[in-house]
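Here is a short note for a colleague who is new to this entry. Please keep the model open while reading.

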Amino acid sequence: MRMFRNDYSEGAAPEVLAALVATNDEQTPGYTEEGDAHCERARELVRAACGRDDVDVEFCVGGTSANVIGVTGLLRDWEGAVCTPDAHINVHETGAVAACGRTVLPTDDADGFLTPEAAERVWRFQTSTGRHMTRPGCVYISNTTELGGVWDLARFDAICDWADDRGLPVFLDGARLGSALTSPAAGGLTLEHIAARCGAFYIGGTKNGLLMGEAMVISHPRLCEAFPYLQKERGGLLAKGRLLGVQFEAAFARPADGGEALYWRLARSANERALRLRAGMCELGFTPYGDSASNQQFFVTSVEQRDAFEAACGAETFYDLGDGRVVTRFVCSWATGEKDVDELLAFAATL
């Protein structure tokens, strides 16, 4: 059975591999710097997709590196990032932001979405004694959320409006941005709108058909200045930077027939398979955990069912509910096929 453990178990989409092979003998400057025609073309394509020609586009090797450089670059020494308790920078990155001398300021939001009300409570508390406490310096959100939630336009604008009122830049972790923006739950939120409102965000490639890499889009002047230096200082600068440029060039190139770019096609396919999986699991009587409309799906299972799923398809435990039940996560990727989903559902029917 195909694995449903994560969306980066496979190598890369055939089109991406073909682009890497076709350019393999070329010699380019290192580090994604000027003179690398592939990185420059990729930057042009990303800017065009964002509807902005006034932003910096930089390439990171992975999500943790992008988060650390982006968040710490937006903050000054005495500032922290407002985020949800389950935010990647708070839970899954081994204290990487704190290790760089910056503070994470979690709210009490429980569903993965940062709300203005909870952010305001953190703001008031952290600013209540002036210079004696870490001051909020930016807002961190992710799309999709840790529970596969998809931001719609209204919810996104609400947190951006709050941040604007407080003079805080918004940083969006877009490790699964492709899945989010091709989801039926996106509710009018577009890449162009994100680019218009965020101080910085990144377009994730690692989890959407690339071998590795994230494209960071930066409009905030503080991070525009800091990024090149922090990327080198914090070990995130890839010497063979053209490998990132070639992949994003392939992912965002418009087909000759004027159709959808590869990046969006891959994400849309993963979502379709995941929603097929969700519908099938619900029909079998499994209870979904949360309301994910993205390529990650979560279900409440017994420990015995979890063990069976883990052995068969690599599905992981996401939460232990403490009552003999666990939340098991299933993830579809660009490479997941309908037959793969059907095989998993047939197995689930035996449990």
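Is Arg-102 buried or exposed? Arg-102 is buried, at 13% relative accessibility. Buried means under 20% relative accessible area, exposed over 50%, and partly exposed in between (1.4 Å probe, protein chains only).

1. Basis. This is a predicted model: local features need pLDDT of at least 70, side-chain atom pairs count only at pLDDT 80 or more, and totals for chains, interfaces and linings use all residues. Residues are numbered from 1 along each chain as its sequence is written, and side-chain values use heavy atoms, without hydrogens and water.

2. Salt bridges. The count is 27. The term covers a side-chain nitrogen of Lys or Arg within 4 Å of a carboxyl oxygen of Asp or Glu. Arg-102 pairs this way with Asp-77, at 3.0 Å from N to O. Asp-77 is exposed, at 58% relative accessibility.

3. Another pair. Arg-197 and Asp-164 form a salt bridge, with their closest N and O atoms 2.6 Å apart. Shared partners join Asp-157, Asp-161, Asp-164 and Arg-197 into one network of salt bridges.

4. Cysteines. The whole structure holds zero disulfides, a disulfide being a pair of cysteine sulfur atoms within 2.5 Å. Cys-50 is buried, at 1% relative accessibility. For Cys-282, the closest cysteine sulfur is in Cys-332, 13 Å away, again too far.

5. Gln-297. This residue is buried, at 0% relative accessibility. Its side chain makes a polar contact of 2.8 Å with that of Arg-278. A polar contact is a pair of N or O atoms within 3.5 Å; within protein, one must be able to donate a hydrogen and the other to accept it, and residues adjacent in sequence count only if both atoms are side-chain atoms.
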